Amino acid sequence: MSMLTDPLWLLIITCALATFATRALPFVAFSEQAEHPLVLHLGRYLPPAVMMILVIYALRDFRPLVDWQLNMGETGLPMFLAAGFVAILHLWRRNALLSIMSGTGAYMTMVQLSWTV
Amino acid sequence: MISQAWREAGLQTLPVMFGYLPLGAAFGILAVEMEIPWYAAMAMSLLIYAGAGQFLAIALLASGAGMIEVTVATLMLNSRHVFYGLSLLKRFQGASWRKPYLIFALTDETYSLLTSQSGSNVTNHALAFRISLLNQLWWVLGTLLGAAIGSAKLFDSQGIEFALTALFIVLTLEQARRLRQALPFIIALGTGFGALLWLPEQHLLLGAIGSASLLLLVHYHLASRRPHEHAN
(Lines give C-alpha, C1' and ligand atoms only; values in the text may rest on other atoms or scores of the structure.)
Protein backbone atom coordinates (compact mmCIF):
# COMPACT_ATOMS: atom_id res chain seq x y z
CA MET A 1 0.00 0.00 0.00
CA SER A 2 1.42 3.38 -0.88
CA MET A 3 1.58 6.16 1.70
CA LEU A 4 -1.21 8.11 0.03
CA THR A 5 -3.71 5.25 0.04
CA ASP A 6 -2.97 3.89 3.53
CA PRO A 7 -5.68 5.42 5.78
CA LEU A 8 -3.21 5.88 8.64
CA TRP A 9 -0.73 7.96 6.61
CA LEU A 10 -3.55 9.82 4.89
CA LEU A 11 -4.86 10.74 8.36
CA ILE A 12 -1.41 11.85 9.55
CA ILE A 13 -0.83 14.02 6.48
CA THR A 14 -4.36 15.50 6.67
CA CYS A 15 -4.00 16.35 10.37
CA ALA A 16 -0.52 17.80 9.83
CA LEU A 17 -1.75 20.09 7.03
CA ALA A 18 -4.93 21.14 8.89
CA THR A 19 -2.95 21.89 12.07
CA PHE A 20 -0.33 23.92 10.20
CA ALA A 21 -3.12 25.78 8.37
CA THR A 22 -4.63 27.01 11.67
CA ARG A 23 -1.22 28.15 12.88
CA ALA A 24 -0.21 29.84 9.61
CA LEU A 25 -3.56 31.48 8.76
CA PRO A 26 -3.12 34.71 10.74
CA PHE A 27 0.39 35.24 9.38
CA VAL A 28 -0.87 34.83 5.81
CA ALA A 29 -4.34 36.39 5.87
CA PHE A 30 -4.86 38.61 8.88
CA SER A 31 -1.58 40.46 9.17
CA GLU A 32 -3.36 43.74 8.24
CA GLN A 33 -6.28 43.19 10.64
CA ALA A 34 -4.33 42.36 13.79
CA GLU A 35 -5.76 45.40 15.63
CA HIS A 36 -9.37 45.05 14.43
CA PRO A 37 -11.72 45.14 17.44
CA LEU A 38 -13.63 42.02 16.29
CA VAL A 39 -10.37 40.07 16.05
CA LEU A 40 -9.39 41.28 19.53
CA HIS A 41 -12.84 40.38 20.86
CA LEU A 42 -12.69 36.81 19.52
CA GLY A 43 -9.06 36.46 20.57
CA ARG A 44 -10.09 37.39 24.09
CA TYR A 45 -13.22 35.25 24.53
CA LEU A 46 -12.98 32.30 22.13
CA PRO A 47 -9.97 30.46 23.68
CA PRO A 48 -11.57 30.15 27.17
CA ALA A 49 -14.90 29.12 25.61
CA VAL A 50 -13.15 26.43 23.52
CA MET A 51 -11.33 25.10 26.59
CA MET A 52 -14.60 24.84 28.56
CA ILE A 53 -16.27 23.04 25.63
CA LEU A 54 -13.34 20.61 25.45
CA VAL A 55 -13.87 19.75 29.13
CA ILE A 56 -17.57 19.04 28.51
CA TYR A 57 -16.63 17.04 25.42
CA ALA A 58 -14.02 14.99 27.30
CA LEU A 59 -16.55 14.20 30.05
CA ARG A 60 -19.41 13.27 27.71
CA ASP A 61 -19.13 9.55 28.51
CA PHE A 62 -21.14 10.30 31.62
CA ARG A 63 -24.02 10.46 29.16
CA PRO A 64 -25.39 7.06 28.16
CA LEU A 65 -25.74 5.90 24.54
CA VAL A 66 -22.31 6.91 23.28
CA ASP A 67 -20.89 5.03 20.33
CA TRP A 68 -17.94 7.22 19.38
CA GLN A 69 -15.54 8.22 22.12
CA LEU A 70 -12.28 10.00 22.78
CA ASN A 71 -12.02 8.36 26.19
CA MET A 72 -11.59 4.66 25.71
CA GLY A 73 -12.11 3.82 29.41
CA GLU A 74 -15.80 4.59 29.53
CA THR A 75 -17.02 4.42 33.13
CA GLY A 76 -18.74 7.67 34.01
CA LEU A 77 -18.42 7.87 37.79
CA PRO A 78 -14.61 7.45 38.06
CA MET A 79 -14.34 10.08 35.32
CA PHE A 80 -16.47 12.56 37.22
CA LEU A 81 -14.71 11.90 40.53
CA ALA A 82 -11.27 12.22 38.94
CA ALA A 83 -12.32 15.42 37.11
CA GLY A 84 -13.52 16.96 40.39
CA PHE A 85 -10.30 15.88 42.06
CA VAL A 86 -8.21 17.57 39.32
CA ALA A 87 -10.21 20.81 39.61
CA ILE A 88 -9.99 21.00 43.41
CA LEU A 89 -6.29 20.04 43.48
CA HIS A 90 -5.51 22.63 40.80
CA LEU A 91 -7.44 25.40 42.57
CA TRP A 92 -5.56 24.51 45.77
CA ARG A 93 -1.96 23.96 44.59
CA ARG A 94 -2.04 25.55 41.10
CA ASN A 95 0.55 23.07 39.85
CA ALA A 96 -0.50 21.86 36.37
CA LEU A 97 1.75 18.81 36.36
CA LEU A 98 0.68 17.71 39.86
CA SER A 99 -3.02 18.10 38.99
CA ILE A 100 -2.74 16.17 35.71
CA MET A 101 -0.57 13.34 37.08
CA SER A 102 -2.58 12.84 40.30
CA GLY A 103 -5.95 12.99 38.53
CA THR A 104 -4.80 10.52 35.86
CA GLY A 105 -3.37 8.21 38.53
CA ALA A 106 -6.65 8.34 40.48
CA TYR A 107 -8.68 7.62 37.34
CA MET A 108 -6.44 4.73 36.26
CA THR A 109 -6.66 3.19 39.72
CA MET A 110 -10.44 3.43 39.75
CA VAL A 111 -11.01 1.95 36.27
CA GLN A 112 -8.39 -0.78 36.71
CA LEU A 113 -9.99 -1.88 39.99
CA SER A 114 -13.32 -1.82 38.11
CA TRP A 115 -14.57 0.61 40.67
CA THR A 116 -17.89 1.35 38.99
CA VAL A 117 -21.51 1.67 39.99
CA MET B 1 29.57 21.72 25.97
CA ILE B 2 26.11 23.22 25.95
CA SER B 3 26.22 26.91 25.13
CA GLN B 4 24.87 29.56 27.46
CA ALA B 5 22.07 30.38 25.00
CA TRP B 6 20.80 26.79 24.86
CA ARG B 7 21.08 26.46 28.62
CA GLU B 8 18.92 29.56 29.09
CA ALA B 9 16.29 28.22 26.69
CA GLY B 10 16.47 24.79 28.33
CA LEU B 11 15.80 26.23 31.78
CA GLN B 12 12.78 28.10 30.46
CA THR B 13 11.33 24.94 28.92
CA LEU B 14 11.73 22.83 32.11
CA PRO B 15 8.06 23.10 33.18
CA VAL B 16 6.98 22.22 29.64
CA MET B 17 9.36 19.25 29.70
CA PHE B 18 7.67 17.93 32.85
CA GLY B 19 4.32 18.25 31.10
CA TYR B 20 5.31 17.03 27.64
CA LEU B 21 7.28 13.93 28.64
CA PRO B 22 4.36 12.27 30.52
CA LEU B 23 1.68 13.58 28.16
CA GLY B 24 3.73 12.56 25.09
CA ALA B 25 4.25 9.18 26.77
CA ALA B 26 0.48 8.92 27.36
CA PHE B 27 0.01 9.56 23.64
CA GLY B 28 2.66 6.97 22.70
CA ILE B 29 1.11 4.34 24.99
CA LEU B 30 -2.39 5.03 23.70
CA ALA B 31 -1.20 4.89 20.07
CA VAL B 32 0.46 1.50 20.60
CA GLU B 33 -2.64 0.30 22.47
CA MET B 34 -4.69 1.28 19.39
CA GLU B 35 -2.30 -0.80 17.27
CA ILE B 36 -0.70 2.20 15.59
CA PRO B 37 2.97 1.38 14.83
CA TRP B 38 5.52 3.27 16.91
CA TYR B 39 7.04 5.00 13.87
CA ALA B 40 3.59 6.33 12.88
CA ALA B 41 3.12 7.70 16.42
CA MET B 42 6.56 9.35 16.07
CA ALA B 43 5.59 10.77 12.67
CA MET B 44 2.47 12.30 14.26
CA SER B 45 4.52 14.01 16.99
CA LEU B 46 7.05 15.23 14.41
CA LEU B 47 4.61 16.37 11.69
CA ILE B 48 1.32 17.24 13.45
CA TYR B 49 2.74 18.29 16.84
CA ALA B 50 -0.53 19.17 18.60
CA GLY B 51 -1.36 17.44 21.88
CA ALA B 52 -5.15 17.42 21.82
CA GLY B 53 -5.14 17.19 18.02
CA GLN B 54 -3.11 13.97 18.06
CA PHE B 55 -5.36 12.33 20.68
CA LEU B 56 -8.37 13.37 18.59
CA ALA B 57 -6.73 11.98 15.42
CA ILE B 58 -6.36 8.57 17.10
CA ALA B 59 -10.01 8.62 18.23
CA LEU B 60 -11.13 9.59 14.73
CA LEU B 61 -9.03 6.82 13.21
CA ALA B 62 -10.61 4.32 15.61
CA SER B 63 -14.09 5.54 14.69
CA GLY B 64 -13.34 5.23 10.96
CA ALA B 65 -14.07 8.91 10.31
CA GLY B 66 -13.72 10.27 6.76
CA MET B 67 -11.01 12.74 5.75
CA ILE B 68 -13.46 15.66 5.58
CA GLU B 69 -14.56 14.96 9.15
CA VAL B 70 -10.91 14.70 10.21
CA THR B 71 -10.08 18.01 8.53
CA VAL B 72 -13.07 19.87 9.99
CA ALA B 73 -12.53 18.43 13.49
CA THR B 74 -8.81 19.31 13.40
CA LEU B 75 -9.48 22.82 12.12
CA MET B 76 -12.12 23.43 14.79
CA LEU B 77 -10.07 21.95 17.62
CA ASN B 78 -7.03 24.01 16.61
CA SER B 79 -8.96 27.19 15.78
CA ARG B 80 -7.57 28.76 18.96
CA HIS B 81 -4.13 28.72 17.28
CA VAL B 82 -5.41 31.40 14.88
CA PHE B 83 -5.70 33.75 17.85
CA TYR B 84 -2.28 32.81 19.16
CA GLY B 85 -0.84 33.79 15.78
CA LEU B 86 -2.75 37.07 15.72
CA SER B 87 -1.11 38.20 18.94
CA LEU B 88 2.34 37.13 17.69
CA LEU B 89 2.21 38.84 14.28
CA LYS B 90 4.58 41.58 15.46
CA ARG B 91 6.62 39.24 17.67
CA PHE B 92 7.67 37.01 14.73
CA GLN B 93 8.42 39.90 12.37
CA GLY B 94 12.00 39.68 11.09
CA ALA B 95 12.51 36.10 12.28
CA SER B 96 13.53 35.21 8.68
CA TRP B 97 14.40 31.48 8.24
CA ARG B 98 13.22 30.68 11.74
CA LYS B 99 9.70 32.00 11.12
CA PRO B 100 8.16 28.94 9.36
CA TYR B 101 9.26 26.67 12.22
CA LEU B 102 8.12 29.15 14.91
CA ILE B 103 4.66 29.14 13.28
CA PHE B 104 4.60 25.33 12.85
CA ALA B 105 5.61 24.70 16.47
CA LEU B 106 3.15 27.13 18.08
CA THR B 107 1.50 24.92 20.71
CA ASP B 108 -0.44 26.16 23.77
CA GLU B 109 2.62 25.72 25.98
CA THR B 110 5.10 27.31 23.57
CA TYR B 111 2.70 30.21 23.12
CA SER B 112 2.50 30.76 26.86
CA LEU B 113 6.31 30.69 27.18
CA LEU B 114 6.86 33.05 24.23
CA THR B 115 4.24 35.54 25.41
CA SER B 116 5.66 35.68 28.94
CA GLN B 117 9.16 36.87 27.95
CA SER B 118 10.49 40.12 29.37
CA GLY B 119 13.18 42.69 28.57
CA SER B 120 15.34 42.15 25.48
CA ASN B 121 14.11 38.55 25.20
CA VAL B 122 10.77 39.84 23.88
CA THR B 123 12.30 40.32 20.42
CA ASN B 124 14.95 37.57 20.62
CA HIS B 125 14.10 35.29 17.67
CA ALA B 126 16.97 32.90 18.35
CA LEU B 127 15.71 32.31 21.89
CA ALA B 128 12.14 31.81 20.65
CA PHE B 129 13.47 29.27 18.14
CA ARG B 130 15.44 27.36 20.78
CA ILE B 131 12.43 27.27 23.13
CA SER B 132 10.15 26.02 20.33
CA LEU B 133 12.63 23.35 19.22
CA LEU B 134 13.30 22.08 22.76
CA ASN B 135 9.56 21.88 23.51
CA GLN B 136 9.02 19.70 20.44
CA LEU B 137 12.03 17.60 21.44
CA TRP B 138 10.39 16.87 24.84
CA TRP B 139 7.14 15.96 23.08
CA VAL B 140 8.84 13.61 20.60
CA LEU B 141 10.98 12.00 23.33
CA GLY B 142 7.84 11.48 25.44
CA THR B 143 6.09 9.82 22.49
CA LEU B 144 9.04 7.49 21.90
CA LEU B 145 9.17 6.65 25.60
CA GLY B 146 5.44 5.93 25.67
CA ALA B 147 5.57 3.76 22.54
CA ALA B 148 8.41 1.76 24.14
CA ILE B 149 6.53 1.40 27.45
CA GLY B 150 3.32 0.45 25.62
CA SER B 151 5.06 -2.12 23.39
CA ALA B 152 6.90 -3.69 26.33
CA LYS B 153 3.63 -3.81 28.32
CA LEU B 154 5.57 -2.68 31.40
CA PHE B 155 2.39 -1.73 33.20
CA ASP B 156 -1.38 -1.66 32.79
CA SER B 157 -2.03 1.63 31.03
CA GLN B 158 -5.84 1.40 30.98
CA GLY B 159 -7.29 4.83 31.75
CA ILE B 160 -4.15 6.84 30.88
CA GLU B 161 -6.11 8.84 28.29
CA PHE B 162 -7.64 10.74 31.22
CA ALA B 163 -4.43 12.85 31.12
CA LEU B 164 -6.01 14.77 28.25
CA THR B 165 -9.24 15.43 30.20
CA ALA B 166 -7.13 16.61 33.14
CA LEU B 167 -5.12 18.90 30.82
CA PHE B 168 -8.32 20.51 29.50
CA ILE B 169 -9.60 21.06 33.05
CA VAL B 170 -6.31 22.68 34.08
CA LEU B 171 -6.21 24.90 30.96
CA THR B 172 -9.84 25.99 31.56
CA LEU B 173 -9.06 26.95 35.17
CA GLU B 174 -5.97 28.86 34.00
CA GLN B 175 -8.06 30.70 31.36
CA ALA B 176 -10.64 31.59 34.04
CA ARG B 177 -7.92 32.89 36.33
CA ARG B 178 -6.48 35.07 33.56
CA LEU B 179 -9.78 36.43 32.21
CA ARG B 180 -11.88 36.78 35.39
CA GLN B 181 -15.10 37.07 33.36
CA ALA B 182 -17.95 34.56 33.29
CA LEU B 183 -19.22 35.32 29.76
CA PRO B 184 -17.23 32.81 27.62
CA PHE B 185 -17.74 30.06 30.19
CA ILE B 186 -21.52 30.63 30.34
CA ILE B 187 -21.63 30.56 26.52
CA ALA B 188 -19.54 27.38 26.46
CA LEU B 189 -21.70 25.64 29.08
CA GLY B 190 -24.83 26.54 27.12
CA THR B 191 -23.56 25.44 23.70
CA GLY B 192 -21.64 22.47 25.13
CA PHE B 193 -24.59 20.93 26.99
CA GLY B 194 -26.94 21.90 24.16
CA ALA B 195 -24.75 20.02 21.68
CA LEU B 196 -24.49 17.08 24.09
CA LEU B 197 -28.30 16.86 24.28
CA TRP B 198 -29.29 17.51 20.68
CA LEU B 199 -26.37 16.67 18.39
CA PRO B 200 -25.01 13.28 17.34
CA GLU B 201 -21.61 12.40 18.75
CA GLN B 202 -19.55 13.17 15.64
CA HIS B 203 -20.91 16.75 15.26
CA LEU B 204 -20.72 17.62 18.95
CA LEU B 205 -17.46 19.54 18.97
CA LEU B 206 -18.09 21.38 15.70
CA GLY B 207 -21.63 22.33 16.76
CA ALA B 208 -20.62 23.57 20.21
CA ILE B 209 -17.58 25.61 19.08
CA GLY B 210 -19.40 26.92 15.99
CA SER B 211 -22.41 28.17 17.95
CA ALA B 212 -20.15 29.61 20.67
CA SER B 213 -18.34 31.62 17.95
CA LEU B 214 -21.68 32.86 16.59
CA LEU B 215 -22.83 33.92 20.08
CA LEU B 216 -19.54 35.80 20.55
CA LEU B 217 -20.15 37.58 17.23
CA VAL B 218 -23.64 38.58 18.45
CA HIS B 219 -22.13 39.73 21.72
CA TYR B 220 -19.54 41.78 19.82
CA HIS B 221 -22.27 43.57 17.87
CA LEU B 222 -24.31 44.27 21.00
CA ALA B 223 -21.19 45.40 22.87
CA SER B 224 -20.01 47.73 20.10
CA ARG B 225 -23.45 49.41 20.15
CA ARG B 226 -23.00 50.11 23.85
CA PRO B 227 -19.23 50.53 24.22
CA HIS B 228 -19.44 52.20 27.64
CA GLU B 229 -20.75 48.98 29.21
CA HIS B 230 -17.80 46.94 28.04
CA ALA B 231 -14.87 49.16 28.76
CA ASN B 232 -12.02 47.18 30.30
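I began with chain B and looked up the spacing of its parts: the centres of domain 1 of chain B and domain 2 of chain B, taken over C-alpha atoms, are separated by 26 Å. The bounds, from an automatic or database domain assignment, are 4-179 for domain 1 and 181-232 for domain 2. I note that this is a predicted model, where local features need pLDDT of at least 70, side-chain atom pairs count only at pLDDT 80 or more, and totals for chains, interfaces and linings use all residues. Residues are numbered from 1 along each chain as its sequence is written, with chains lettered from A and ligands numbered from 1 in the order in which they are written.

Domain 1 of chain B gives nine residues and domain 2 of chain B gives six residues. On the domain 1 side, H4(B) gives the most, with five residues.

I then turned to the contact of chain B with chain A, which takes 77 residues from chain B and 68 residues from chain A. Helix H9 (residues 162-179) of chain B supplies the largest share of the chain B side, 15 residues.

Last, I looked at how H9(B) packs on helix H2 (residues 37-58) of chain A. Their axes (lines fitted to C-alpha atoms over the stretch in contact, angles from 0 to 180 degrees between N-to-C directions) come within 9 Å and cross at roughly 150 degrees. H2(A) and H9(B) are therefore roughly antiparallel (over 145 degrees). Residues that meet there include Met51(A) and Met52(A) in H2(A), and Phe168(B) and Ile169(B) in H9(B).

How values were computed
Contact = placed C-beta atoms within 7 Å. Helix = DSSP H or I, 4+ residues; strand = E, 2+ residues; numbered from the N terminus. Parallel < 35°, antiparallel > 145°, perpendicular 65-115°, else oblique.
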